[in-house]
Amino acid sequence: MLSEEEQREQERKKRQEERKQERLQKQIEKRRKLEERERKSVKRASVFELGMMIFVSNKIREVLEKSTEENAKFNEILAKSLVDLRKFTKKESKSLKKDVIKESKKDFEENKNGTLELIQEATKKKMDGSLAEHIAYVNPQKDTAKRWKKYIKTSANTYAIGKDKLPVFFTKVVQEEVKNVVGGKSTTDDSCRKAISKLANSGVKIVEYDTGVKRNVDVWVRQQMQYAEKESSQEINNKCAKDMGVTVFEFDAHANARPTHKKWQGKRYDTQGKLYPSLFQLTHGEEKDYGCRHFAQPVWDVDMPYAYTKEQLKNIDTKPFTFQGKKYEGYEARQYQRELERNIRALKREVILLDNQGLGSTEAKIKLKHANATYKAFSSEMGDRVHNDRLRIG
């Protein structure tokens with residue numbers, strides 16, 4: 001027969017386990033919604049990107065064909081095409097900007113309401129309208145708008161392919177291939193095929209940071225949506241926790257995190273630095289690293305156990321495995337998986353552009369089939385699923 005105290009302890013542990021399962025289910029549902037939003041954002045960005053690439057490839061063919069007939073007017077033809085290119089890019093980027101901001105606004109409202117519900121459940125306190133209005137200053141869609149204004153203020157010139165701006169890339173390719181066509185070294189179709197291959201393999205990219213780091217449009221939009229989702233939820237949590245006197249937070253954890261992030265994922269920090277290290281003492285600002293997906297939840301009861309045990313954190317990463325003679329594990333395996341995904345997207349773009357131009361795409365399709373097989377085999381060895389949402393290009 002259990003004593004009254006032991007019964008209470010059992011009931012407390014049972015309630016903790018129930019709350020843990022509820023939190024897990026909500027995290028799963030939250031991730032499902034996020035993946036759905038990612039698919040939508042990638043779809044919009046991919047349509048935009050492919051539209052630009054098809055437009056550029058059409059212009060390349062147009063200039064190549066006209067230059068062989070009117071070589072004396074080549075500079076005039078090229079200049080007109082560059083003007084058309086800038087106009088098209090400006091128009092399409094404005095349209096995409098509007099879609100991205102609209103979607104991030106909707107995400108923000110969903111995250112705010114969802115976070116308020118979690119806080120109400122955890123604290124057993126009803127949130128009145130005044131608090132909801134009080135924290136409405138968190139505005140990720142404005143942040144997204146500022147980013148677009150900063151990086152797309154010179155229309156086509158902000159789109160970079162490799163080390164070149166889009167118009168510079170266009171001019172270089174056209175000039176190089178015109179010489180080959182006019183000199184009889186290749187046909188217009190062969191030159192167009194070469195240009196399309198360069199365009200598809202590089203992709204239309206946006207200069208994301210002053211450091212020169214570049215991201216493809218679909219990747220950039222997906223990361224912006226993730227960033228807006230994470231930051232809006234985090235700021236709401238921080239604000240509500242502060243209003244209620246909660247100072248302790250706990251980071252979540254995920255498999256194959258960056259080596260520098262593994263040491264603090266799943267751990268707690270105290271904004272006052274009393275019960276636990278402060279945020280900076282724990283992470284040294286690394287939680288703000290580009291693409292970091294770690295999220296910190298308020299700890300309403302410091303006596304509650306951690307969400308992840310030491311054993312779970314120790315075994316959370318992909319186990320070491322060998323693929324095609326090379327050993328992979330953890331973060332390195334995830335990075336190679338992303339590289340394979342980028343290669344598949346580039347090949348898909350090439351096939352679409354070649355078909356659009358009426359050129360043979362058999363070789364590109366064979367490469368694509370091989371790339372897909374390699375990706376599936378690697379993901380299987382890694383113990384991960386095939387991320388179809390990361391392979392889409394529209």
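Reader: How do you know that Glu65 and Arg61 are about one turn of the helix apart?

Author: In this predicted model, Glu65 and Arg61 both belong to helix 1 and are four residues apart, about one turn of the helix. Helix 1 covers residues 4-69; helices (H or I, at least four residues) and strands (E, at least two) are DSSP runs, numbered from the N terminus. Residues are numbered from 1 along each chain as its sequence is written, and side-chain values use heavy atoms, without hydrogens and water. As this is a predicted model, local features need pLDDT of at least 70 and side-chain atom pairs count only at pLDDT 80 or more, while totals for chains, interfaces and linings use all residues.

Reader: What makes the contact between the side chains of Glu65 and Arg61 a salt bridge?

Author: A salt bridge requires a side-chain nitrogen of Lys or Arg within 4 Å of a carboxyl oxygen of Asp or Glu. Glu65 and Arg61 have an N to O distance of 3.1 Å, so the pair meets the rule. By this rule the count comes to 16 salt bridges.

Reader: Why is Arg61 called buried, and what is Glu65 called?

Author: Buried means under 20% relative accessible area, exposed over 50%, and partly exposed in between (1.4 Å probe, protein chains only). Arg61 has 16% and is therefore buried, whereas Glu65, at 35%, is partly exposed.

Reader: What makes Glu363 exposed, and what is Lys367 called?

Author: Glu363 has a relative accessible area of 58% and is therefore exposed. Lys367, at 45%, is partly exposed. Their side chains form a salt bridge with an N to O distance of 3.7 Å, and the two residues are four apart in helix 12 (residues 362-382), separated by about one helical turn.

Reader: Why is it said that the pair of Asp84 and Lys59 ties together parts that are apart in sequence?

Author: Asp84 forms a salt bridge with Lys59, the closest N and O atoms being 2.8 Å apart. Asp84 lies in helix 2 (residues 74-123) and Lys59 in helix 1, so the pair joins parts 25 residues apart in sequence. Lys59 is buried, because its relative accessibility is 9%. Lys59 and Asp84 also belong to a network of salt bridges that includes Glu62, Lys66 and Lys80.

Reader: Which residues does Arg44 touch?

Author: Leaving aside residues up to four places away in sequence, Arg44 touches Leu96, Asp99, Glu103 and Met225; contact means heavy atoms within 4.5 Å. Arg44 has a relative accessible area of 19% and is therefore buried.

Reader: What makes strand 6 and strand 7 edge strands?

Author: The open sheet has three strands in the order 6-5-7, with antiparallel pairing. Strand 6 (268-270) and strand 7 (296-298) each pair on one side only. Two strands pair if DSSP finds at least two bridges between them. Val248 stands opposite Asp270 in strand 6.
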